Amino acid sequence: MGTPFPELGEQFEELAAAAFVALDEEQFARAVTYGRPQPVRAGDVLFDVGDENGDLILIESGGADVVRGGTDDPILRAGPRQFVGELNLLTGQTRILTARITADGIVHRVPAAGFRRLMAQDTELSDILLRAFLARRQLLVSRAARSLDVVADDATAEGLALRTFLVRQDLPYRWLQPGTTEARQVTADAGLTPGDLPAAVMPRLTLRNVNPGTLSHSLGLTYRRTPKGIADLTIVGAGPAGLAAAVYGASEGLETVLLDAVATGGQAAASSRIENYLGFPFGLSGEALAARAVVQALKFGAHLGSPCGVASLGTRPDGTHLITLVDGTEIPTRTVLIATGAAYRNLPLGRWADFVGAGIYYAATDLEAKAVSGLPVTVVGGANSAGQAAIYLARHAGHVTLAVRGDSLTKDMSNYLVERILADPRITVRTATEVTALDGGHRLEEITLTGRATGLGDPCGCFGLFCFIGAEPATGWLTGVALDENGFVPTDVQLAGRWTGTTRPPLPFETNIPGVFAAGDVRTDSMKRVAAAVGEGASAVRSVHQALAHLG
């Protein structure tokens, strides 16, 4: 009942089984109770590209084709007891395809509120729909659906930021490098000039000098007011702690909002491979872990806004709080969880800002690895994140130098990583070494490595400098929230005499302000591990419930 994707070969059959599934009679009868019937005629448009309606469409009789905007090329052909919809029903993204009726019949529209109830109340249907949505999105991504063309150079900071956003959001897109035949054709058709790049071209909209924020807004992925008008829990920061809190908060019935200034995943998403996370003996990338957590949170009804930078946090006289975004949007909320983690540290070197995203990277994922394929790179840092990056990059780069400021590789790095690094001929370890200079044209081409003992500088080719030297707490936006001497957020017993509540003592993970909590790397003395952050985010939700009970 679906249209083949010949470029996928055998993989199509596996995806098709989930993507184009038909409900049995009993399942279909349950599903339609969440919607309303609508007679339709051949040629009717159920939804079009750019539409904001989030209805799940159930086909009782007749049929529908889902096509790319402006084409007749079907992505999905749905018949009786099948359904029309994909992952955007969970994310809130505007429609990226068009659905047309191909034969007279009856469909049932399940509106957003009914769809949320279905996902929460019927586990069997929820699992079927979720598997189908994920398979359909994978088909769209693999097909590079022409719903979004991005013309940008991913060797620039602006291009890398866009591509990171697209990958983290798991959006179907086609990346066109300027100067290629396809890029010239698209820019000519859209009337774009070199000064308009980076640009995003959609069937009915062209965005010039686009950035992740403007692209997210045009796709409907920025924050929208919650149905209740006030959130029970607003989480600032979508790293492991924030994602865990969103999953547990939403699954337990809290009206949950999750915001992130950049993209979901936090620093964990920058890790190419996490091997010591419970339950994944073969490891997984931080990006994959974050993507799974996002789907879980959305499944339970969390409202995700990304990128959504937060400007301030205030407390109102009634004890509730007000989150203000950088664009002026205000989010009233009964409780807040600060999970902003930490911002990457830079080396104090000239031209550092020039090369960020153009040779200087804070992550070692597939995106960055492709940018330095076959070229010499240097990883700076002596902890696990640096070790994981060196091992991963060794499979792609021409050669990897691991520059460690300390005298020993074993001081801050797990033994299993040290052994692999020392046994890998593609990695050279230089201890007691610092990066002292950067050089290059429009992108990084050379660095100077200086021995701390000798003071002698050694210029060497480097087209990728991967910086893993720690981070500073991302707390500059906070006012009124007590911070420790290093800028981290103390909670509960760490507060000493700074607690401002009067009717009760602070709850676990609660800051000095009642109803405002902190979890993960941003919290004083937290363990800087993914598993610990997940545990803190989940545990903080229990305290949130207790605080809400006090608010009444």
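Excluding residues up to four places away in sequence, T320 touches I230, G314, T315, T333 and R334 (contact: heavy atoms within 4.5 Å). The structure is a predicted model, in which local features need pLDDT of at least 70, side-chain atom pairs count only at pLDDT 80 or more, and totals for chains, interfaces and linings use all residues. Residues are numbered from 1 along each chain as its sequence is written, and side-chain values use heavy atoms, with hydrogens and water left out.

T320 is located in the loop between β14 (310-315) and β15 (321-325), strands being DSSP runs of E of at least two residues and helices runs of H or I of at least four, numbered from the N terminus. With a relative accessible area of 8%, T320 is buried (under 20% relative accessible area, 1.4 Å probe, protein chains only). The side chains of T320 and D318 are joined by a polar contact of 2.6 Å (a pair of N or O atoms within 3.5 Å, one able to donate a hydrogen and the other to accept it; residues adjacent in sequence count only if both atoms are side-chain atoms).

The largest nonpolar core comprises 52 residues, of which L56, F83, F115 and F133 touch the most other members. Such a core is a set of buried Ala, Val, Leu, Ile, Met, Phe, Trp, Tyr and Cys residues joined through side-chain atoms within 4.5 Å. Beyond its neighbours within four places in sequence, F83 contacts residues including V21, L56, I128, F133 and R136. Another core, of 26 residues, lies apart from it and includes A369, V379, A389 and I391.

Methods:
Buried < 20%, exposed > 50% of the residue type's maximum accessible area, 1.4 Å probe, protein only.
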